[in-house]
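The sequence and model are shown first.

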Amino acid sequence: MASTEPLLRVSELHAFYGGSHVIQDASLSVAPGESVALLGRNGAGKSTLMKSLLDAGPRVEGEIHFGGQDLRGVSPDERSRRGLMLVPEDRRIYPDISVAENIELGAQAARGRDPVTLTEIYDLFPLLVPLKERAGYQMSGGQQQLVAVARGLMGAPRLLLLDEPVEGLAPVVVDEMAQHIARIRETRSLALLIAEQNLSFARRCTDRVLLIDSGRIVFDGSWTDFDADPDLKERYLAV
């Protein structure tokens, strides 16, 4: 059961790329062990919000507290070492090293926390076992996405940020990813924030919904509350 004390608390967050004001007055929280969906159209601000939490790109104003500590002035790599990990939308798999070596890179962020072993990773992601000696460039998009998520887990995160984890993947791979995430939640005590457009996938993986539009959080509630207002889908998610 998730604690009532937030693991992540964001207040009045603003994010800028140059003169462009992308995230506007966003406030949100994620409790320990909770899984939250961040829904929105392309360009709504999902990726920018994720990067803002790590101070990894945009200029950020506002308050971000993680594990009860203010993150102002804390570098992106130090935020990762404290347990805030991002799996980016573009995956960033190194093409010329093996799958196993790509995954092991994530261990550098696991300072002072319960380490994750490659054996545990392969138990969570059995599809990676026959691929572990394959080079990064030899994988399909779905396989690369599994490796990116596995690398994020290797850092023993307290909160794992997944940015569009199933974008462009075949339905069968989307189903496999949902199963992997369910297994992760069963075996490791961590929170998840999943930026996604695939409603079916997000619903299977999360407890609560945040809806972002034009850089503003316009809804924060349960899936039941989200479903009770069909206008939300039409107004903020329909293409």
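Among contacts (heavy atoms within 4.5 Å) between residues at least 6 apart in sequence, 72% join residues at least 24 apart. The model is a predicted one, in which local features need pLDDT of at least 70 and side-chain atom pairs count only at pLDDT 80 or more, while totals for chains, interfaces and linings use all residues. Residues are numbered from 1 along each chain as its sequence is written, and side-chain values use heavy atoms, with hydrogens and water left out.

## Overall fold

The protein has nine helices and ten strands. Helices (H or I, at least four residues) and strands (E, at least two) are DSSP runs, numbered from the N terminus. The C-alpha trace spans about 45 × 40 × 40 Å along its principal axes. A compact globule of 239 residues would have a radius of gyration near 18 Å, and the 17 Å of this protein agrees with that. The radius is taken over C-alpha atoms, and the globule rule is 2.2 Å times the number of residues to the power 0.38.

Of the 239 residues, 50% count as buried. Buried means under 20% relative accessible area, exposed over 50%, and partly exposed in between (1.4 Å probe, protein chains only). The accessible surface comes to about 10800 Å², of which 48% belongs to carbon and sulfur atoms. Accessible areas come from the Shrake-Rupley method with a 1.4 Å probe, and for residues only the protein chains shown count as cover.

## Pockets

A pocket is defined on a 1 Å grid over the protein atoms alone, as an open set of points where a 1.4 Å probe fits, with protein on both sides within 12 Å along at least five of seven lines; lining residues have an atom within 4 Å of a point. Grid points are joined across faces, edges and corners, and a volume is the space filled by probe spheres set on the points. In the lining counts, Ala, Val, Leu, Ile, Met, Phe, Trp, Tyr, Cys and Pro are nonpolar, Asp, Glu, Lys and Arg are charged, and the others, Gly among them, are polar.

| Pocket | Volume | Lining residues | Lining classes |
|---|---|---|---|
| Largest | about 660 Å³ | 20 residues | eleven nonpolar, four polar, five charged |

In the largest pocket, S80, M85, L86, P88 and R151 lie nearest the centre. Four elements, α1 (46-54), α2 (76-81), β6 (84-87) and α5 (141-154), each supply at least two residues of its lining. The largest share, four residues, comes from α2.

## Helix α1

Helix α1 is largely enclosed by the rest of the structure, because seven of its nine residues are buried. These are K46, T48, L49, M50, S52, L53 and L54. Just after α1, D55 takes a positive phi of about 55°.

## Other backbone and loop positions

Most residues other than glycine have a negative phi. A156, which is not a glycine, has a positive phi of about 50°. A156 sits in the loop between α5 and β7 (159-163) and is buried, at 4% relative accessibility. S214, also a residue other than glycine, has a positive phi near 50°; S214 is in the loop between β9 (208-213) and β10 (216-222).

G68 belongs to the loop between β4 (59-66) and β5 (69-70). G68 is exposed, with a relative accessible area of 66%. The C-alpha atoms of G68 and R9 are 8.3 Å apart, although 59 residues separate the two along the chain.

## Two residues of helix α6

M177 is in helix α6 (residues 171-187), where M177 is buried, at 1% relative accessible area. Leaving aside neighbours within four places in sequence, M177 is in contact with Q145, L146, V149, P165, V166 and F201. The C-alpha atoms of M177 and P126, 51 residues apart along the chain, are separated by 12 Å.

R183 is found in helix α6 and counts as partly exposed, at 27% relative accessibility. Not counting residues up to four places away in sequence, R183 touches D123, L124 and P126.
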